Amino acid sequence: MISHVFLLLLLPLLAVFAITRRRRLTAVIGMGLFSLILAAVYLLLNAPDVAITEAAIGAALVTFLYILAIRKTGRLVVAGNETPGLLYREGDKVLGVEQEILNGFARHLGLELVVHFDPEETIEGALLQGEADIGAGGIFSKADERLLQSSGYLSTVLYGLSLHQARQPPRGTTRRRPSYFMDLVEEIKAGQCPRARLDLARFLSVSRLDLSAYRVERLPGSFSYFFIVSSEREELHGQLNSYVEGLKESGGLKKIVRRYFS
Amino acid sequence: MRNFPLGMAVFAVILVGCLCGVLIGGFGYRGAVDEAGAAYLLRAVEDTGAANMVSAIYLNYRLYDTLFELLVFSVAVLGVRFYLVGRNEEQVGSIPESQVVRTSADLLFPPILLLGIYLVLFGHLSPGGGFSGGVIAGTGLLLCAVALGAEVVARRFHEGILERLEWGVLLAVIILAIFPVAMGRVPLTDLLPTGRLGQLGSGGSILIYNGLIGIKVFIGTWVIIHYFMRHRGEI
Amino acid sequence: MSVALLPLGHFLFAALSLAWERGTRRLLLLSLFFDASLLGYLFCSFLQGETFAVVLGGWERGIGIELADDRYSLVFCFLAIFLTGAVIAYLWREHLRPYFYMLFHLLLGSVFALLFAQDLFNIYVIMELLTLVSFLLVGYERKPVQIWASLKYLFFASLGMVMYLFGVGILYYHTGTLNLGILKAQLIGQQDAPWLLIVSSLLATGIAVKAGIFVFSLWLPAAHASASPAVSALLSGLVIKMGVVVLFRLAPIFPLSLPLEVLSAITGLLGIIYAVYTYDLKRMLAFHTLSQIGYLILGIGIGTELAIAGGLEYALGHGLFKGLLFLSAGTAVQVTGKEDIPGLIARRSQIPTAARAGLLIGTLGIIGLPPFAGFCGKTLLSHGTDSIVAQTIPVILSIGTVLSFAKLLPLFHPVRGPSSPWSKIGSYAILALPMVFFLPLTRLFIPIEQWNESFGVIPGVESILIVGLGLLLYRFLPARPVKLPQRVFRLEEAVLVILSGFFLVYLLLLVG
Amino acid sequence: MQFINGVTVGIVLFGIGILGLVLRRDLIIKLLSLGLVNESVILCLVSLNARPDGVPPIVYAEKGAPYVDPLPQALVLSAIVINFAILALALVFVMLLVERYHTTDSQRIEHEIQQEEHR
């Protein structure tokens with residue numbers, strides 16, 4: 001009787017545990033465990049038929065199916081924000097300095113490189129959820145403490161951009177910062193961007209536009225571009241760091257950079 | 001729960017809280033009802049000859065529901081095959097190349113298969129039945145596939161034959177269900193004698209249905225797993 | 001006994017059509033012949049006053065699963081056959097996989113099964129099969145839009161069916177039976193037990209998700225607009241009606257009258273508002289499915305015999321003309337490559353004449369001009385009640401329908417378009433003919449005196465007035481497109497809306 | 001009767017599942033939540049007429065104690081299988097969507113699809 005109540009109370013706890021997980025694999029395994037306990041509850045409720053079916057389907061088969069669906073094999077998944085020169089698309093091809101570095105790194109590990117273009121704010125979430133292995137795309141600062149940053153591969157400076165007459169955005173419509181760089185470019189072109197902070201690579205591509213409506217200033221401080229990795233993936237972090245350092249020492253990095261920014 | 005409007009989250013929590021409250025309050029649950037299911041308990045054994053009354057209901061009194069359930073399962077298998085075939089396939093070898101996994105899978109496979117067959121054959125006498133037995137045997141095959149490689153197992157279980165067998169089994173179940181009409185009886189009537197309680201041959205046609213469903217589900221499970229393995233999941 | 005052969009026979013054909021791949025079309029025709037002859041036989045015995053109640057497996061009621069007909073089962077079976085025939089003719093020249101035909105058979109089989117189902121859990125199982133089959137049919141072409149729409153459909157339908165199953169569980173706990181007939185006798189004295197209110201709102205919510213009622217079926221516009229025309233015609237004309245049929249079964253047993261009336265007003269008005277400001281043809285038709293469901297459940301909610309007859313007749317008519325509209329709109333969209341109404345109007349000379357004629361007849365039907373199908377249902381409905389509110393709802397809905405279909409007027413400008421293949425013309429004709437001759441058919445459902453009373457000059461003039469009023473209002477409609485909130489159709493918000501709908505139903509039950 | 005029984009726990013699980021369905025944007029987690037919602041109803045149904053002093057509805061069990069109601073158990077078997085079928089198909093569709101959009105975030109898929117429609 002006591003065991004029965006204990007198992008019943010365990011169920012909601014496990015369910016909450018599973019549903020709030022960030023990593024999908026943990027959630028799936030949590031739900032598998034949940035099903036197993038549920039089967040035990042059924043057995044205690046005098047329903048052996050249901051218990052057997054639940055154990056066979058809910059605990060075993062369904063969990064297997066989830067794992068088969070979410071598994072990744074032989075891929076290094078990069079979630080990147082599109083950045084001119086560093087990581088960008090031309091037709092179906094992905095190009096850029098970061099692409100070349102990461103492609104080399106993936107080949108070094110014996111994996112295939114896959115790049116997903118994501119808006120800036122979702123990259124960190126993708127890393128934490130295990131959707132992607134490496135975050136890239138002209139990253140020069142990170143907010144989340146659960147992320148590790150690789151050693152910088154290229155130093156950069158920041159430029160601040162602000163409208164001369166700072167027009168206040170109309171009330172009620174709080175402007176969010178555009179997610180994709182292309183949207184930002186459109187806004188700047190239309191003279192609607194109140195202020196923006198751009199790194200060198202992005203600024204180079206923006207500087208071709210007509211910026212007469214904006215005040216441009218160079219912000220103090222020195223920065224460098226790096227990649228980010230989830231803090232759970234320390235091994236990957238170490239490998240990435242040593243690969244980037246090696247590339248720097250051998251001078252291969254300089255060659256790559258020269259190809260894109262000459 | 002990142003990037004989620006807080007107002008909506010609060011609204012959701014309140015709404016779901018109310019829902020739970022209303023359901024618990026409105027249920028009027030006062031523990032088990034006495035004499036619940038007496039209509040079946042009193043007569044199931046005499047009517048059907050099956051010792052397991054759940055099986056008696058599942059495969060005799062309410063066989064019509066089970067038929068639909070089987071159709072749902074078949075449609076699912078068919079849908080998985082239809083949507084995953086020819087898309088982005090990869091030749092999966094074995095997933096983990098490890099001697100331990102292979103040996104343990106080799107060791108585990110026969111008992112699991114045996115368990116599945118037992119559950120199918122004795123579904124009317126003890127807990128179990130065609131469905132759970134079939135799934136367990138199919139999952140055993142998954143273990144085999146992990147150890148030997150999906151392609152090896154797939155070669156042994158030729159796909160075309162499996163497909164035909166699967167639909168043949170469904171056809172057999174439906175014909176079996178319609179057949180009493182030819183004898184002037186209501187469809188889904190059990191025409192076989194009930195037999196002596198506790199023997200394998202008891203329970204009328206429950207054993208036949210269990211066997212057919214077992215085969216069907218075994219194949220269906222394997223097909224689903226196989227297509228999931230072959231498809232290069234990219235999540 | 002032969003009632004059970006309708007669904008079982010189709011399942012047999014479904015299994016056969018996979019086994020014999022080259023003969024799928026012949027099998028489909030054969031199955032239609034089989035259905036038609038069986039239905040004809042059943043109809044004859046029905047006219048002689050027989051009923052077809054049968055308990056499968058030869059057990060007594062309450063032990064086995066009962067199948068029984070009511071007055072409308074057979075008629076809906078005929079609707080199913082007509083729609084299927086039209087869709088087969090429409091798809092005659094296309095080469096589809098056996099898989100598609102098998103789904104087709106399963107769809108028909110489960111529709112037939114549902115029309116005779118008298119057992120709550122049986123209804124659940126059939127509904128799930130229907131969900132799964134229509135889920136696969138929507139995504140048949142594998143376009144991402146379709147896949148996303150049908151995935152959302154699956155989420156909502158599944159959630160709805162879970163609530164339904166919950167209701168069935170509570171009901172079983174308190175009554176110990178699942179058979180609708182026995183339940184009806186048992187529940188007579190306990191109409192205001194607190195658990196019954198919960199059960200009623202759970203069952204109603206669960207079914208409403210499938211029945212195309214606005215607050216609940218927020219998956220519908222995306223799914224019906226993105227599916228291929230033949231599938232949309234079947235889903236909108238037939239599958240949605242199945243939810244309504246179940247509501248019709250439940251209404252006399254559970255105290256659902258007030259909630260259904262309120263929901264009919266809500267779904268009608270919101271559906272109309274969205275339809276008026278939607279300029280994508282198929283999406284507009286999908287919103288009209290939501291709005292027209294208002295008539296059907298209004299009839300069921302009012303609950304008098306005439307009103308129910310009106311509502312269900314409107315369901316038949318709606319099945320016919322919505323099928324026709326979706327099929328001909330599908331052709332128009334395919335030929336011109338445009339989905340929005342202005343684009344279609346600009347290219348109207350490319351649209352085959354037959355498709356435009358189909359659109360025209362369908363439009364005439366849906367706005368309720370006198371001899372057509374829509375008119376009969378609406379007239380009976382307004383004759384079925386004395387309450388002013390219940391009589392004004394259909395009038396407002398009709399005006400709104402005219403208002404939104406007025407957008408299509410330039411499309412019917414007499415330009416000669418290219419001709420269509422015979423199969424398509426036949427497919428439109430199968431649906432258009434019964435629609436045009438619907439008025440005499442209504443005689444079958446109501447006694448002759450009431451028929452004479454209901455249909456006269458006055459309702460005809462009324463409906464013409466309504467059409468005129470609608471057209472007049474269209475003149476004053478601001479031409480600027482209005483953007484209505486689309487957020488409610490997203491997955492997360494829609495789940496919350498469904499829950500709120502559940503509470504709405506529950507509160508109405510508490511009040512009523 | 002005590003307050004912690006299968007029915008109340010089932011209803012609480014139902015609530016948790018719906019919250020997961022609404023508040024988590026990852027489609028896989030949404031599917032897990034949907035599965036949880038389904039399981040919760042099954043738990044409710046099984047524990048409806050379950051009694052601690054009963055025996056399973058199989059004739060060989062020792063006599064004397066009352067049998068547990070077999071009907072909900074038989075119904076639940078169908079429900080479990082149906083849920084599995086739905087889950088398998090939904091997973092397939094999620095896999096197809098992921099192949100196309102490279103994400104399981106429901107709102108981003110919705111966004112991308114709207115963008116495609118505008119084009």
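This briefing walks through a helix, an interface, the nonpolar cores and one glutamine. The model is predicted, so local features need pLDDT of at least 70 and side-chain atom pairs count only at pLDDT 80 or more, while totals for chains, interfaces and linings use all residues. Residues are numbered from 1 along each chain as written, chains are lettered from A in the order written, and side-chain values use heavy atoms, with hydrogens and water left out.

**Helix α5 of chain C**

- Helices here are DSSP runs of H or I with at least four residues, and strands are E runs of at least two, numbered from the N terminus.
- At the start of α5(C), C:Asp119 puts a side-chain oxygen within 3.1 Å of the backbone nitrogen of C:Phe121.

**Where chain C meets chain B**

- C:Asp119 also pairs with B:Arg62 in a salt bridge, 2.6 Å from N to O (the rule wants a Lys or Arg side-chain nitrogen within 4 Å of an Asp or Glu carboxyl oxygen).
- On the chain C side, α1(C) gives the most, with ten residues.
- In contact terms (heavy atoms within 4.5 Å), 59 residues of chain C meet 52 of chain B.
- The two chains bury about 5,100 Å² between them, 78% of it on carbon and sulfur atoms (accessible area lost on being put together, 1.4 Å probe, summed over both parts).

**Nonpolar cores**

- The largest core has 377 residues, and B:Phe228 and D:Phe14 are among those with the most contacts inside it (a core joins buried Ala, Val, Leu, Ile, Met, Phe, Trp, Tyr and Cys through side-chain atoms within 4.5 Å).
- Helix α3 of chain D (residues 70–101) supplies the largest share of this core, 25 residues.
- Another core, of 29 residues, lies apart from it and includes A:Phe140 and A:Tyr225.
- Leaving out residues up to four places away in sequence, B:Phe228 touches residues including A:Leu65, B:Leu84 and D:Met95.

**D:Gln73**

- D:Gln73 is found in helix α3 of chain D.
- It counts as buried, because its relative accessibility is 1%.
- Its side chain reaches the backbone oxygen of A:Asn46 at 3.1 Å.

Note on methods: Polar contact = N/O pair within 3.5 Å; in protein donor to acceptor, adjacent residues only side chain to side chain. Buried < 20%, exposed > 50% of the residue type's maximum accessible area, 1.4 Å probe, protein only.
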